Structure formats: C-alpha cells, structure tokens
Amino acid sequence: MELPFAESFRIKMVEPLHRSTRDKREQWIKDAHYNLFNLRSEQVFIDLLTDSGTGAMSNRQWAAMMMGDESYAGASSYYNLKAIIKLILGFDYFLPTHQGRAAENVLFSVLIKEGDIIPGNSHFDTTKGHIEFRKAIAVDCTIDEAADTQKELPFKGNMCLNKLGKTLAEHHKKIPFVLVTLTNNTAGGQPVSLECIRGIRALADEYKKPVIFDSARFAENAYFIKIREHGYQHKTIKEIVKEMFSYADGMTMSSKKDAIVNIGGFIAMRHKDWFDRASVFNILFEGFVTYGGMSGRDMNALAVGLDEGTEFDYLETRIKQVAYLGEQLDKYGVPYQRPAGGHAIFVDAKKILSKVPREEFLAQTLGIELYLEAGIRGVEVGAILADRNPVTQENRYPELEFLRLAIPRRSYTNNHIDVVAAALKNVYDRRNSITNGYKIVKEAPIMRHFTVELAPASG
Ligand SMILES: Cc1ncc(COP(=O)(O)O)c(C=O)c1O
C-alpha cells in the first residue's frame, strides 16, 4: 500500500488555543467595530489573519538565537546573515530592516520620486502604500486570467509582458524600476514562472531599467517552479532560487514569511551606489547598517530560516497543507482562487455573498460571518484594503473580493484545517440569508484596513 503523506517535522512545544461561544463572539466583534484586526488573540480560536511572523521556529533557529551577538556595530550575527544572503540569494550588499515595509520605505526613499510610475504584478498593499505616499503611481500589469478565480493556471501570478511592454514604451522616462512580487500575494499567493521572470528582465533591459523583487514568499515561488515548470524538476530549490534572483538588481524582503521568523526584513542589492544611498535612510529610519532594527539573535534565527525555508521537504509540507484546505473546500463546493496558492486560500466572496452589495464590503462581511461561526479569523482582501483613489477620493472596488485564509507555517494541524473548512461550509450553506453588509464609520487616509471602524449597514 502506498504510504500517505506526513509532515516533515514533529512538535516539541505547544501553545493552548481559546474556544468561545457565539454569544461572546457577537459581543467581541461589535466591540472591535467589526474589524478583525481589533480582536484580541484570546478571542480567536484558529487565527488565519496572516502567515506573517506567525510561524513556529525550529530547534535550530532557537539554538541560533542563543548565539546572537548584540554588539551595536559589526556584530558577528550581521556578518553571518550577510554570508547566507550571498550564498542563497547571490547579492553582495544588504541592509537589515525591522520588517518588509521598512525595507520598502528605505529603498523607495532612494529610488522613487513624485510622479514616477512603477509597473508590477498586483503590488502588495504596503508596497502600493509606499509608492502612493510618495505621490507616485503603481500600474498593475498582472495577467487578465488572474481575475478568473475558477481558471486553473500553473503560474497565475505572472505579469503580462504585453502590458509591461506597453507601460514601458509609454512611460519609460518616469519608470525608476520594474517590481515583481513573488509569489503574487494579492492575486492569491500565485507563483510567477521563470519564463515570465526572464521575459520581464529582457523588457526591462530594453529600456535599461532595474528589476526589483518583492521577495516575501520567494521560496514558495521556487517550489511551484520545481513542481510545475518544464525543465526544473531535477533542480534543487536552492538552485532555482539562485536562478530567480540572478535576474534581479535588488530585492526587498519581509523575513516574517519565507524566512520563518517572527520579525525581520532586509534589502539586498547588486549595486554599491544603491547601498551607499540606502544606508543613509537605513540609519535614519531603522538603525545602524549592521543591525537596522533587528537584534543579533533575530538576525541569527533569520539566517537559519533562510536555509531551512529553501529546503524541499519543509516547502512540500507547507504547501501541501494549503492545498489540503483547498481539497476540503472542493468537497463542499466553496469557491476560491484556483489553484490553491502557496500561503493561503483566497475564498471568492463575490461568488458566495452575491446578495450583499459591493458598497457594503462583502469580503469583510464573509470574514465576520466566519468569525461568528467558529472563532476563525481571516482577512479581507477587497474594497476596504483597496483604499480610496488618492485623487478622486472615491472608494476603489477591485475586480476580486477575497476572504484570505493564510496558514501560519508549521503551526496548525490538518484537524484545525478540517474545522476551518467545515465552518466555512456552514456559512456557505446559509449564504442566501446573508444580505446585509457593513458601512465605514471611521477610516485612516491610507492603509485604512488596519484601523477602520465599521457598523452594520442596515443598522
Ligand atoms: C508581498 C508582500 N510584500 C511586502 C509585505 C510587507 O511586509 P511586512 O508585513 O513585514 O512589513 C508583505 C506582508 O504581508 C507581503 O505579503
């Protein structure tokens, strides 16, 4: 008999979870102004808000923490991390930052000015926030097929080379660089192929533009290349990663994802002049160049995480768990962005809550319903996240309205995943009785989803 698949780790330390009643959850979500970010963690049973900084570190990572060098300048932990970045990603220059958006803040301070245009594949919200904060424009060149949630494509995170070519032809004078997000989080944790990356590089070269990778989930991207792209089956993840980054001039990294640490980020680059200019902003915003907002112990854990996170067995366990959630939802007919992504299932809220008007934030409504049903916390990737148009101040309604269920790394078992799928089935079964959504009562001018306050639209 063929043996079933099993995880590539066993559990050495556990943390209790908190069950609750529906009555309690009704009160808590009301007190949280119907914003899932405002809930306390004890009010959540299974927390799929994000896979960012929520994973479990390994015994090797914890051991490395004990060896952290906390010197303000020139710590061995910094040099250790620098060596791993060179070995795995191939960059000579790097700056630590406290997380991914800080890396964006520092690098974009060097590269972006007012009026610039930055083409990319579904820029992540903090990335877009840092672009728009500088009065520049993010132009989305993602392939059109990414908007059809039921279409199965191996590389649904790809950039459309025609769209990119057109944008470069029309606006090249205003384009400081091309940005590639790996995997494409906003389109559903979908990967970008190496064929596409090579195409992007060739187009950028035509116009002498640098290419930057937003690399939060680069290792998951490499796993999909190995599994799905012709010619890569026999390459190791580390070989694929090396090839991916050989096409980039620089990268920003949220280490809280694929480097499996609870906090941290960095910028890595090929150009000494970028490093020199970015160092000034790093010192101003983050800290001295050899720690940049990170402790020595955290840099040590990150160095080990980069190594572990680019191992096939770890990635297979991780991505198969996300796929498992997709398989359970298939049994119940719950629609989501197909195929299952690397870090999350993106539930297609538009297809489920078709009776809730888009002005009443239907993906948020689905998130609240799932929380009420079983204490499971996801996150809206829809109109609230899309913010207002900075010029017209109108709400932006994206083509897709998702409830993202992001799976923390090495944290939950498949029994938890079964509970998530069953709870979502229950909401799905009563979908036609859900007709009212929510209205905004208070919002921040940018990246409003974190702090927005809502009330029932019909109230
Ligand atoms: C693709 C992508 N880029 C950038 C970031 C920002 O990273 P951080 O949350 O560490 O600031 C994230 C975080 O979720 C992300 O998913």
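Predicted model: local features only at pLDDT ≥ 70, side-chain atom pairs only at ≥ 80, totals over all residues.
## Around the ligand

A polar contact here is a pair of N or O atoms within 3.5 Å. In the side chain of asparagine 185, an N or O atom sits 2.9 Å from an oxygen atom of the ligand. Arginine 101 does something along these lines too: an N or O atom of its side chain is 2.7 Å from a ligand oxygen.

## An enclosed helix, α5

The buried ones are Asp125, Thr126, Thr127, Gly129, His130, Ile131 and Glu132.

So what covers them? The cover includes helix α4 (100-111), along with the strands β3 (117-120), β4 (137-140), β5 (178-181) and β6 (211-214). After α5 comes lysine 135, which has a positive phi, near 55°.

## Threonine 167 in α6

Threonine 167 is part of helix α6, residues 161-171. With a relative accessible area of 9%, threonine 167 counts as buried because the cut-off is under 20%.

A polar atom of its side chain lies 2.7 Å from the backbone oxygen of lysine 163. Leaving out neighbours within four places in sequence, threonine 167 also touches Ile117, Pro119, Val139, Cys141, His172 and Ile175.

The largest nonpolar core has 59 residues, and the members that touch the most others are Leu89, Met244, Phe266 and Leu306. Take leucine 89: beyond its neighbours within four places in sequence, it is in contact with Ile84, Phe218, Val241, Lys242, Phe245, Met251 and Phe266. Another core lies apart from this one; it has 34 residues, including Tyr324, Val334, Val347 and Ala374.

## Where α1 meets α14

Two packed helices are described by the angle between their axes and the distance between the axes. For helix α1 (residues 22-31) and helix α14 (residues 362-374), the axes come within 7 Å and cross at roughly 145°. On the α1 side, the contact is made by Arg22, Arg25, Glu26, Trp28 and Ile29. From α14 come Ile368, Tyr371, Leu372, Glu373 and Ala374. Sorted by class, that makes 6 nonpolar and 4 charged residues, with no polar ones.

Glycine 53 sits in the loop between β1 (46-47) and α2 (59-66). Buried or exposed? Glycine 53 counts as buried, at 16% relative accessibility. Leaving aside neighbours within four places in sequence, its contacts are Lys256, Val261 and Asn262. Arginine 338 is 285 residues away from glycine 53 along the chain, and their C-alpha atoms are 25 Å apart.

Aspartate 298 belongs to helix α11, residues 296-308. Its side chain makes a polar contact of 3.0 Å with the side chain of serine 295. Setting aside neighbours within four places in sequence, aspartate 298 is in contact with Met65 and Ile263. Alanine 64 is 234 residues from aspartate 298 along the chain, with 8.7 Å between the two C-alpha atoms.

How values were computed. Residues numbered from 1 in each chain as written. Heavy atoms only, no water. Axes fitted to C-alpha atoms, helices over the stretch in contact; angles between N-to-C directions. Helix = DSSP H or I, 4+ residues; strand = E, 2+ residues; numbered from the N terminus. Contact = heavy atoms within 4.5 Å. Nonpolar A, V, L, I, M, F, W, Y, C, P; charged D, E, K, R; others polar. Core = buried A, V, L, I, M, F, W, Y, C linked by side-chain atoms within 4.5 Å. Buried < 20%, exposed > 50% of the residue type's maximum accessible area, 1.4 Å probe, protein only. Polar contact = N/O pair within 3.5 Å; in protein donor to acceptor, adjacent residues only side chain to side chain.
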